Amino acid sequence: MFETVAQAVINGLLIGGIYALVSIGVTLIFGVVKIVNFAQGEFVMIGMYISFFLANQYGIDPLLSLFVTMPVLFVMGVLIQHFLIRRVLGPNDMPQIFLTFALSLLLLNLALMLFSANYRTVHTSYSDEAFHVGGLYIPEAKLIAFVVAMALSGLLWLFLHTTDLGKAMRAASQNRDVAMLMGINPNRVFCVALGIALALAGAAGSLLMPFYSAYPFVGQVFVLMAFVAVVLGTLGNVMGALIASLMMGIAESLGIQYVGADSGQIVVFAMLLLTLAFKPTGLGGGRAR
Amino acid sequence: MTQTINPRHAILMAIGIAILIGLPMVVKSSFAIDIFVRILLFAFIGTAWNLMGGYAKQLSLGHAAYFGLGAYTSTLLEINYNVSPWLGMVAGGVVAALASLPIGWLCFRLRGPYFTIATIATAQALMLIFLKFRDFAWGAEGTTIPNLGAAPLMMQFENKDSYYYVVLGLLLISLLITWLIERSWIGNYLVAIGEDEDAAEAIGVNAPKMKRDIYMISAFLTALAGTFYTQYIYFIDPATAFSFNISIEAALVAIVGGIGTLWGPLIGTVLLETTSTLLQSWLGSSIGGIQLTVYSLILMAVILWRPTGLMGMIGEFRQRYAGRAPARA
């Protein structure tokens, strides 16, 4: 009994690390630029396909391709902010919502056209390896993904709290108008926020590749989870998103264990509905938008 | 805002309706009629979406929830209790309108993009419920609607023309409702909420009640489309009835055509569906994803360059070339 629960919690925690990378990106963009990036999941998908092709064509380990996906997606984020999102920033919600939504549809369907709906997998030496600790089973690939995800989150925390640019981003997130008055260049801060958020999504893609299949719709799985985690962790709150993602991972895993194999998503929706009904401002405190 | 009806508009309207009624008598190809039915159906759904999404700017991407509820209500009533889908259609509308109350209660707690996400989640959650409960509504496999041949009382017809007239009727009803709302104080209140909800409340608009009511109307109409579509294709399953693509297309046609305008959804649907048909006939339907790729490019182009959509373009065109076109509020 105890072992089953512990096993489910561990499984959930490990995948929760990946959810955290995606949700931190969503909440960072929301906090700083005040838009919701509907396409965040598609950047996970792009990260996965980059890792897949690097592994398939050149035999590069998906974990090493992190050093390719993160810079590539960072640049994509800067370009998307500079050429697309910058043009729709304003008081009106509609263009912002539907621009990133259109981007999501476009990337998803381009992937469908270019790569077909087939599942692509990469098999690494550690894909099937696992640690056995006191009767518990810890898959190596997932553990690596979790550790790297937490390390990246920690680096982001350091960046936000110790560098000038990071402090500028936090300032912009807390009060954009005052931050602008203090001489912070909004577009530069926004470009970096988009870049970092997309780089994290790309990292999630590379980390997933050793144990998860790439297919055009894969991003949808993660983005929905991220949206719920971001509401649960209070919009714009990076630490809240991280903790909420881990909780979501555990809740999903317990749902799969005790309700049924296909109920992971139902648990996620139930959590969203409960959050909205009882604590729409999220667990991180503060005001809902 | 004038309360009288411009006679020129009335004549144009009458001609337009006459053409739409006469269309199936001239065009005999059932392939073409099928496309017309699709256009009218999505124009209808888009018009229903536009009431809430366009005027009150509550950008839902979860209208498939009501499409699906309408489809399932009428089908369950027909197969289990032999109730005519005509009655089932109204029942489905009522179920959807009632369902919009708790769904709206939850989703309206969030504003802007997070409202949109919450609507996506509710539609997906409903789909999952219908997927899981197989003894109640056939689960993932869905079911076929028993073919009774020519049975107009059971909303089954032998020729496609009749379906065309049914969906044309639905579209005209939704346009009439939109027109009436647009002309009345309700329309003004909705637009005020869409412009700035806090400011609207400050001047005495009961925003939560207005949003709830318009969401009910929008849900009711969307559910009618669900029943019609199921009767038209003789099949229902959760993946079709609660398809995310329906939510997307409802919003897409309204935005491309002109958000918050009477004719926007219809014009948008004509453009998008025609494009999609041409693409399919040129490239074949072998390439997956091509339709939505093109749709998303059109959507991005509209948002970046013409946020007022085709209706806005038509307005500019008239101002420039028709000259001295009197400015109308």
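## From one valine to two chains

Leaving aside neighbours within four places in sequence, A:V228 is in contact with A:M248, A:V268, A:M271 and A:L272, where contact means that the C-beta atoms of two residues, placed from the backbone, lie within 7 Å. The model is a predicted one, in which local features need pLDDT of at least 70 and side-chain atom pairs count only at pLDDT 80 or more, while totals for chains, interfaces and linings use all residues. Residues are numbered from 1 along each chain as its sequence is written, and chains are lettered from A and ligands numbered from 1 in the order in which they are written.

A:V228 also belongs to the residues with the most contacts inside the largest nonpolar core, a set that includes A:L21, A:V22, A:A193, A:A204 and B:V167 as well. Such a core is a set of buried Ala, Val, Leu, Ile, Met, Phe, Trp, Tyr and Cys residues joined through C-beta atoms within 7 Å; a residue is buried if 20 or more other C-beta atoms lie within 10 Å of its own, exposed if 12 or fewer, and partly exposed in between, with C-beta atoms placed from the backbone. This core has 195 residues, and its largest share, 16 residues, comes from helix α8 (residues 186-208) of chain A. As background, nonpolar side chains in soluble globular proteins tend to be buried together.

Helix α9 of chain A covers residues 218-232; helices (H or I, at least four residues) and strands (E, at least two) are DSSP runs, numbered from the N terminus. Of the 15 residues of α9(A), 13 are buried, so that the helix is mostly covered. At 1.5 Å a residue, α9(A) should span 21 Å, and the 22 Å between its end C-alpha atoms agrees with this, the expected span being 1.5 Å times one less than the number of residues. Just after α9(A), A:T234 takes a positive phi of about 75°.

Strand β1 (residues 130-133) and strand β2 (residues 136-139) of chain A run antiparallel and are joined by four bridges, whereas two strands already count as paired if DSSP finds at least two bridges between them. Within this pairing, A:F131 has A:I138 as its bridge partner in β2(A), and A:H132 has A:Y137. The two strands form a hairpin with two residues between them, and A:G134 in the turn has a positive phi of about 50°.

A:L63 lies in the loop between α2 (40-58) and α3 of chain A. Because A:L63 has 18 C-beta neighbours inside 10 Å, A:L63 counts as partly exposed. Leaving aside neighbours within four places in sequence, A:L63 is in contact with A:I144 and A:S206; A:L63 and A:I144 are 81 residues apart in sequence, but 8.9 Å apart in space from C-alpha to C-alpha.

Taken as a whole, chain A has 11 helices and two strands. The radius of gyration of chain A is 19 Å, close to the 19 Å that the globule rule gives for 289 residues, so chain A is as compact as a globular protein of that length; this radius is taken over C-alpha atoms, and the rule is 2.2 Å times the number of residues to the power 0.38. Buried residues make up 53% of the 289 residues in chain A, and among contacts between residues at least 6 apart in sequence, 76% join residues at least 24 apart.

Chain B has 15 helices and two strands. With 329 residues, a compact globule would have a radius of gyration near 20 Å, and the 20 Å of chain B agrees; 47% of the residues of chain B count as buried. In α15(B), B:G309, B:L310 and B:M311 are buried, and the buried residues of this helix pack against α12 (244-257), α13 (264-283) and α14 (290-305) of chain B.

Where the chains meet, the contact takes 31 residues from chain A and 32 residues from chain B. On the side of chain A that touches chain B, α3 (66-88), α4 (93-115), α9 (218-232) and α11 (264-278) each supply at least two residues, and the largest share, 13 residues, comes from α4(A). By class, this side has 26 nonpolar, two polar and three charged residues, where Ala, Val, Leu, Ile, Met, Phe, Trp, Tyr, Cys and Pro count as nonpolar, Asp, Glu, Lys and Arg as charged, and the others, Gly among them, as polar.
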